[in-house]
Amino acid sequence: MSKKANRHRKVSKHSQKRRNGDAAPPPTGVAAPAVSGPKLDHSPATAPAEPFSLWIQPSAPNGPQRRIDSGPRPAKLGIGNLNVQRASAPDVQVRLGEESTDAEDGIPSFDAKDVMRRYLEGDHAGAFEECMRTMKAFDKSSLEAVSPEARLQINEFVGTLLYLLTRPDLLLTREQTLKIMGGHHTLTNLVAISIFKSTDIHLAIISEQPRNFGKMLLLHSVRNKSRIDPRQFFNADPELASMWYATYGLSAVSPIAEHVWNNVKQHLAYVDDRLQVPDHRINGLLFQATYVDDDQARSIKMRFNADIQRQIGNRNPKLAPVRDRLAIVTGKWRHGTAVHRSLSPLVNSLRNKYRLTLVHLGKRDSSVVTEGFDEVRNVTQEGRTLDCSDLHNGRFQLAFFPDVGMTSESIWLSNMRLAPIQAVGYGHPTTTAGSRIDYFIGGAEVELVEKAQEFYTERLVLIPGLAAVPVYPAYQPQFPPPVQDRIVINLPWGVAKINHPIVKRLQAIQQRVSRPIEFHFFPGSGLHRYHSVPVVLKELGAILGTGAKVYSNRAYAEYMTVLEEAHFALDSYPFGGYNTVVDSLHLGKPMVTQEGDRFYNRASSALLRRVGLEELITHSEEEYIEKAVRLATDDEYRNELSTRLRNTDLRACLFDDDNTQYFCKAIDYLIENHERLQRATGRQPIFIR
């Protein structure tokens, strides 16, 4: 199947006959210290309680099995509504750009007969390895649309693998479990695309089997209706449980379905004291956690940072700092990235005073912006190997991280001491929570001073303005006349910002407006991870019907051209936008935002105040919906705001930001006063004027 053919294939509509194989959960009242086993939400309260056990594969050959937990057994499964025809959710209209990754489109080859032959002949390892080969091939592909042929192939692969995993005689070793957990999130979405939808029934089947621990880890995912107390997994094997914990929710790049959203929230709320950093694959979890609930994310970061520091020990570069040598540590220093776009003007203010080294995180490539740096060094991470050899004899006085959390290397390096003084900026605008970062350089215009010590483990250093520079977009607006037959609303939200609560807001707006509404989503390339496109489109369609279009992987000029088609825009919440707000204002598009108490949901409000649109700042969900409804229904009001915005001198009030000088002053101050600041007992914010 060619890339072009697969990329432009439309999502097919399917009416499916589904079995409603609902299983009942056991009663929940289990006496301590035992904890309850798998529970299916629709169980009658009178389900019989019988013991079941989870077993872990012995670590030594022929070693004894170890029962790790016990609790009630799920009741027998019942199948009903066998012949009920169910209508599928309306398809979302999708406009996908070119794939920006190196992934290959298409469905990997898979010979189910050969796999089953190996299994029946007793070659369980061979059957498992063939499934793993196909899983890895899926990891390298990008499924954007599901043709009937593709669905058949996915059903065959998923059905075969799930069948094998429910066979009592096919046992996963500890090594096999670690290996297959690397594809946990991909398998979860393949199951969601397939006729099976979830693995709830398979979890119920294997809950009655001995030595099922690895299978339980693999099959228990964010898309299950049943939930297992994660404490059981950590009681069994903290390392394997940590790998499961890190990958559990990654398949939900946009947690739109209500039960998926609730699962993510519940998962992040549990932080076990035995949680470890399994390898480099933690930035996905931390990234997701920040967008779901920053308070929950902080607890996970604290635990991960403590474990990273335990693993690193004293293996830090030897420091012999030179006063004027600074390191800029980031994996996002490329034209077009949000990090480079908003923070490069700050870094540029240092160039006439300091010798700058760009410490690039990840594999080197020609797109990295190296102009203005005296040298470029490189740090990479693969699995459990963090290669810092290029930092030898760096001799940095201060290391500035524009972002921490956007790459795995940044998380690990933030827990090392690369320089006597270490600071972070708004590239990923939230605390690193217990790392080796000393200072967070923020904007006095957006931070709530009274919340500084609550929100940041670093000491907050406040400079005038936003501490993130609005850069004039490289696009000349055309201001085309708006369409008349419908209201088009832009949603320029990264894929992680699209979640169940915000999509339900859109549904409420849709229901209160009598004229047709078309929502335009711009989730970026992140939509293409783990075969998420068909799943996200289906879940959006289930809530918004055909009133949504999804655009992704657009070149900047094309992205801006599509943005111009809309009447106005909405900001995301709780994690709002920044550069997307700048783009909307540049195009003369009013934007509704909800103001919170952190930079990432206050920056958009600050930008609106600068251009005189304070009336579009809301402070509650209902106010947000009401303001959006008014913009959609009151043409005169909306046109007046658009005209006012287009007549505003944006260069004067938005883009001619002369506050970059204060960033350089902040660096000067920290170098001059760091030793004294470290002796201070308090962490009150430091003001640079």
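In helix α2 (residues 112-120), Lys 113 and Leu 120 are exposed, where exposed means over 50% relative accessible area, buried under 20% and partly exposed in between, computed with a 1.4 Å probe on protein chains only. The model is predicted, so local features need pLDDT of at least 70 and side-chain atom pairs count only at pLDDT 80 or more, while totals for chains, interfaces and linings use all residues. Residues are numbered from 1 along each chain as its sequence is written, and side-chain values use heavy atoms, with hydrogens and water left out. Helices (H or I, at least four residues) and strands (E, at least two) are DSSP runs, numbered from the N terminus.

On the other side of α2 from Lys 113 and Leu 120, the residues Ala 112, Val 115 and Tyr 119 are buried. These three lie on the same side of α2 because they cover an arc of only 65 degrees around the axis; the arc is that of the directions from the helix axis to the C-beta atoms. The cover over the buried residues of α2 includes α3 (124-139) and α4 (148-165). At the N-terminal end, α2 is capped by Asp 111, with a side-chain oxygen 3.2 Å from the backbone nitrogen of Lys 113. Gly 122 follows α2 and has a positive phi, near 90 degrees.

The protein chain as a whole contains 25 helices and 22 strands. Of its 689 residues, 59% are buried. Among contacts (heavy atoms within 4.5 Å) with a separation of 6 or more, 73% are between residues 24 or more positions apart.

An open sheet of 9 strands runs in the order β11-β10-β9-β8-β12-β13-β14-β15-β22, with mixed pairing. Its edge strands are β11 (385-387) and β22 (686-687), each of which pairs on one side only. Two strands count as paired if DSSP finds at least two bridges between them. Strands of a sheet pair through backbone hydrogen bonds, either parallel or antiparallel.

Strand β8 (residues 322-330) runs parallel to β12 (residues 396-401), and 4 bridges join the two; Ile 328 has Phe 400 in β12 as its bridge partner. With β9 (residues 355-361), β8 pairs in the parallel sense over 6 bridges, and the partner of Val 329 there is Val 359. At β11, the pairing with β10 (residues 375-382) is antiparallel and has 3 bridges; Glu 382 is bridged to Thr 385 of β11.

The largest nonpolar core has 187 residues, of which Leu 413, Phe 521 and Leu 570 touch the most other members. A nonpolar core is a set of buried Ala, Val, Leu, Ile, Met, Phe, Trp, Tyr and Cys residues joined through side-chain atoms within 4.5 Å. Residues up to four places away in sequence aside, Leu 413 touches Val 329, Leu 361, Val 379, Leu 386, Cys 388, Leu 391, Phe 401 and Leu 418. Another core, of 8 residues, lies apart from it and includes Tyr 551, Met 560, Val 562 and Leu 587. In soluble globular proteins, nonpolar side chains tend to be buried together.

Several loop residues were also examined. Thr 199 is placed in the loop between α6 (184-193) and α7 (200-206), and is buried at a relative accessible area of 6%. Its side chain makes a polar contact of 2.9 Å with that of Asn 224. A polar contact is a pair of N or O atoms within 3.5 Å; within protein, one must be able to donate a hydrogen and the other to accept it, and residues adjacent in sequence count only if both atoms are side-chain atoms. Not counting residues up to four places away in sequence, Thr 199 touches Leu 162, Val 191, Leu 219 and Asn 224.

Most residues other than glycine have a negative phi, and most peptide bonds are trans. Tyr 530, which is not a glycine, has a positive phi of about 60 degrees. Tyr 530 lies in the loop between β17 (517-521) and α18 (533-544) and is partly exposed at 25% relative accessibility. Asn 553 is not a glycine either, and its positive phi is about 55 degrees. The loop of Asn 553 is between β18 (548-552) and α19 (556-563), and the residue counts as buried at 13% relative accessibility. The peptide bond from Tyr 573 to Pro 574 is cis, with omega near 10 degrees; Pro 574 is in the loop between β19 (568-570) and α20 (579-586).
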